[in-house]
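These are my notebook entries on one protein model, written with the sequence and the coordinates open side by side. I kept to what could be looked up directly.

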Amino acid sequence: MADHVYKHLELTGTSPKSIEDAINNAIARAAKTVRNMRWMQVVETRGHVENGVVSHWQVTIKVGFTLEE
């Protein structure tokens, strides 16, 4: 494995369906403009509650990507 330098950014994805869907939404959107994404870490999970049930998820993640040569 070569030596890599990573930069990371923080994203918040949302979804009315699930935590996993919120994460995938954030990654998919970032992939449109960010190259070389390699890892992600969940930093925070939140939800909006309506009438006693979770109606919307928000998940904040850190995404690491390698810097180009």
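**Loop residues with positive phi**

I began with Asn 36, which counts as partly exposed because its relative accessibility is 26%; here buried means under 20% relative accessible area, exposed over 50%, and partly exposed in between, with a 1.4 Å probe and protein chains only. Before going on I noted that this is a predicted model, in which local features need pLDDT of at least 70 and side-chain atom pairs count only at pLDDT 80 or more, while totals for chains, interfaces and linings use all residues. I also noted that residues are numbered from 1 along each chain as its sequence is written, and that side-chain values use heavy atoms, with hydrogens and water left out.

Asn 36 sits in the loop between H1 and S2, and I read its phi as near 65°, a positive value in a residue other than glycine. Helices (H or I, at least four residues) and strands (E, at least two) are DSSP runs, numbered from the N terminus. Asn 51, in the loop between S2 and S3, likewise has a positive phi, near 55°, and at 81% relative accessibility it counts as exposed. Most residues other than glycine have a negative phi.

I next checked the length of H1: its 12 residues should span 16 Å at 1.5 Å a residue, and the end C-alpha atoms are 17 Å apart, which agrees; the expected span is 1.5 Å times one less than the number of residues. Which residues of H1 are buried? I found Ala 22, Ile 23, Ala 26 and Ala 30, and seen down the helix axis they fall within an arc of 100°, so they line one face; the arc is that of the directions from the axis to the C-beta atoms. These buried residues pack against S1, S2 (37-50) and S3.

The largest nonpolar core holds 10 residues, among them Leu 11, Ile 23, Val 34 and Phe 65; such a core is a set of buried Ala, Val, Leu, Ile, Met, Phe, Trp, Tyr and Cys residues joined through side-chain atoms within 4.5 Å. H1 (19-30) and S3 (53-66) each supply at least two residues of this core. Leaving aside residues up to four places away in sequence, Ile 23 touches Met 40, Val 42, Val 59 and Ile 61, where contact means heavy atoms within 4.5 Å.

At the start of H1, a side-chain oxygen of Ser 18 comes to within 3.0 Å of the backbone nitrogen of Asp 21.

**Salt bridges**

I counted 2 salt bridges, taking a side-chain nitrogen of Lys or Arg within 4 Å of a carboxyl oxygen of Asp or Glu. Arg 35 meets Glu 68 at 2.6 Å, N to O, and this pair links distant parts of the chain, 33 residues apart. Arg 46 meets Glu 44 at 2.7 Å, N to O.

Note on methods: A polar contact is a pair of N or O atoms within 3.5 Å; within protein, one must be able to donate a hydrogen and the other to accept it, and residues adjacent in sequence count only if both atoms are side-chain atoms.
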